[in-house]
Amino acid sequence: MRAKALLLCVVLISGAAAKAHGEHGPGALFQRRCRVCHTYGSGDLIGPDLKGVTDRHTREWLTKWITSSQSLIRSGDPAANALFRKYKQFPMPDQSFAAGELDALINYFAAGGPVAEATRNRRAATATSAEIDLGRALFVGQRGLASGGAPCVSCHSIGDIGIGGSLGPDLTRAFSRYQDRRLALLISRGCFPRLPDISARTPPNDDEVFALKAFLRQADPGQHLHESAPSQARH
Amino acid sequence: MRDQLLFAIAPSLAALACLLTATMRYVQTRRSLEAAEKTTRADEPAVGLTAWWRYSIAVVFLGHVLGIGFPGSLLLWNRHPLRLIALESVGLIAGTIALASLIAMAVPRRWWTDRRYLQSSADVIMATLILLELVSGLALAVRYRWASSWSGVTLTPYLRSLVALKPSVVLVARMPFVVKLHVFCAFAILAVMPLTGLARMVVVAVRDLTYAAVTLVTLVWRPVWYARRIWAARIRPTIGDGEM
């Protein structure tokens with residue numbers, strides 16, 4: 001009982017701290033509200049590992065569970081009761097969210113959570129040579145995108161790759177033009193709008209986006225000049 | 001709005017017009033089909049320029065059908081640069097031969113004045129549309145490289161959205177003018193075709209395909225039917241013994 005009271009205090013204090021600091025985005029929400037009891041991809045803590053939670057439960061169920069787990073347990077929901085028993089009958093405190101926050105949080109879990117976010121935020125300059133090679137293979141089509149989409153070379157040309165397409169612009173200086181985060185955002189959106197009713201294609205995944213970004217950076221001659229400039233200045 | 005009109009409404013109307021007109025013409029011309037077919041074959045033997053035209057346009061048409069039907073396989077094929085270049089070269093060469101042979105047939109014979117070749121206004125429109133389709137196809141193949149790859153994620157989903165009766169023009173609307181012209185001409189050809197001399201060819205093709213399908217089903221079904229009869233004949237005495 002004391003443990004439950006302690007847990008409740010921790011959650012309430014962390015919730016209050018979050019409000020005091022102001023929560024921006026589902027990543028911050030996860031860090032401040034969920035991390036006390038849950039991990040994402042590092043195994044169970046007080047509550048279950050949240051990696052793949054959107055595959056295990058429906059969005060509707062998650063909404064009910066997060067806003068009032070006890071109501072769901074009392075309603076006799078088998079999944080809720082199984083979870084309650086599995087985690088030593090520690091009740092998950094009810095959470096309240098501003099409009100749209102809970103949907104954003106569930107979307108965040110569905111999109112890979114903090115693991116994917118870390119990949120998305122990673123700078124292209126930190127890429128290994130293997131990741132750059134992967135980016136090149138994805139660009140020219142030697143390796144297919146997980147989504148089954150067309151490789152970049154179908155429409156774009158770049159630097160030393162002589163077989164690039166010409167429907168889209170040359171991407172040799174794309175990195176200099178858009179820079180790290182904006183370029184990642186552009187790649188992740190994909191070049192063409194998707195027709196969900198017609199094609200099951202999805203956007204490139206986070207690892208592919210990072211590899212492509214790293215390859216574009218490596219292929220950009222402006223980027224090398226930009227990097228060599230400070231070293232020349234030092235000499 | 002203009003894109004909706006050209007690439008969502010017009011294709012539906014073209015398909016409807018094609019279906020209705022082709023059905024009407026089929027009913028009207030079915031009886032005279034044999035004679036017409038014989039006359040056509042006697043008049044235009046598939047040699048020389050006609051042969052070049054027919055085979056090259058068949059290659060181009062088949063390439064388009066395969067690309068629309070199996071975009072994933074095509075992307076897989078195109079992963080290797082040599083295979084991509086080979087495929088694009090075949091398409092480009094076939095398209096060039098088709099265009100050259102069409103011009104070589106039309107110009108010396110003065111198709112546009114000789115009523116033996118272009119018998120009606122629909123035939124003139126059709127010839128113009130085919131010419132435009134070939135020129136725009138070659139132009140986009142040269143100007144916008146690797147159409148066999150990029151069309152798999154742009155034009156094919158668009159065409160499939162039309163077939164699924166959920167037209168979405170967002171993919172074709174962003175295409176360059178020459179690509180839009182190529183796509184629009186294809187629908188225009190579909191609409192005009194049943195009104196032209198080519199309708200006879202389509203009707204003959206539909207009839208022959210139906211005949212081939214019926215023959216194939218019969219060939220497959222006949223052994224199954226015999227096997228079932230033999231099996232039934234073997235089983236019957238056993239059932240009879242049991243009853244005894």
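Chain B has a mean pLDDT of 83, and 85% of its residues score at least 70; pLDDT is the predictor's confidence in each residue, from 0 to 100. This is a predicted model, in which local features need pLDDT of at least 70 and side-chain atom pairs count only at pLDDT 80 or more, while totals for chains, interfaces and linings use all residues. Residues are numbered from 1 along each chain as its sequence is written, and chains are lettered from A and ligands numbered from 1 in the order in which they are written. The model scores ipTM 0.72 and pTM 0.69.

**Colour chain B by confidence.** The lowest confidence in chain B is in helix α2 (residues 33–43), with a mean of 51, and the highest is in α10(B), at 95. Two residues are in contact if their C-beta atoms, placed from the backbone, lie within 7 Å. Where pLDDT is low, the predicted coordinates should not be read in detail.

**Display chain B as a cartoon.** Chain B contains eleven helices and zero strands. Helices (H or I, at least four residues) and strands (E, at least two) are DSSP runs, numbered from the N terminus. Of the 244 residues in chain B, 23% are buried. A residue is buried if 20 or more other C-beta atoms lie within 10 Å of its own, exposed if 12 or fewer, and partly exposed in between, with C-beta atoms placed from the backbone. Among contacts in chain B between residues at least 6 apart in sequence, 81% join residues at least 24 apart.

**Select α6 and α10 of chain B.** Helix α6 (residues 121–143) and helix α10 (residues 177–192) of chain B pack at an angle of about 150 degrees, their axes 8 Å apart. α6(B) is therefore roughly antiparallel to α10(B). Axes are lines fitted to C-alpha atoms, for helices over the stretch in contact, and angles run from 0 to 180 degrees between N-to-C directions; angles under 35 degrees count as roughly parallel, over 145 as roughly antiparallel, 65 to 115 as roughly perpendicular and the rest as oblique. Show side chains at this contact: residues of α6(B) including Leu129(B), Glu133(B), Ser136(B) and Leu140(B) meet residues of α10(B) including Val178(B), His182(B), Cys185(B) and Ile189(B). The contact of α6(B) with α10(B) comprises 16 nonpolar, three polar and two charged residues. Ala, Val, Leu, Ile, Met, Phe, Trp, Tyr, Cys and Pro count as nonpolar, Asp, Glu, Lys and Arg as charged, and the others, Gly among them, as polar.

**Centre on His182(B).** This residue lies in helix α10 of chain B. His182(B) counts as buried because it has 24 C-beta neighbours inside 10 Å. Leaving aside residues up to four places away in sequence, His182(B) touches Glu133(B), Ser136(B), Gly137(B) and Leu140(B). The C-alpha atom of Leu129(B), 53 residues away along the chain, is separated from that of His182(B) by 9.7 Å.

The axes of helix α5 (residues 81–109) of chain B and α6(B) come within 10 Å and cross at roughly 150 degrees. Among the residues that meet are Leu92(B), Gly95(B) and Leu99(B) in α5(B) and Leu134(B), Leu138(B) and Ala141(B) in α6(B). The contact of α5(B) with α6(B) has ten nonpolar, four polar and one charged residues.

**Move to α8 of chain B.** In helix α8 (residues 155–163) of chain B, Leu155(B), Thr156(B), Pro157(B), Tyr158(B), Leu159(B) and Ser161(B) are buried. These residues pack against α3 (48–69), α4 (71–77), α9 (170–173) and α10 of chain B.

**Turn to chain A.** Chain A has 13 helices and zero strands, and 28% of its 235 residues are buried. In the loop between α6 (78–86) and α7 (101–110) of chain A, select Lys88(A). Lys88(A) has a positive phi of about 55 degrees although it is not a glycine, and it is exposed, with 9 other C-beta atoms within 10 Å. Gln179(A) is in the loop between α10 (174–178) and α11 (180–189) of chain A. Its phi is near 65 degrees, a positive value in a residue other than glycine, and Gln179(A) is partly exposed, with 13 other C-beta atoms within 10 Å.

**Finish at the interface.** Here 18 residues of chain A are in contact with 22 residues of chain B. The side of chain A that touches chain B has eight nonpolar, nine polar and one charged residues.
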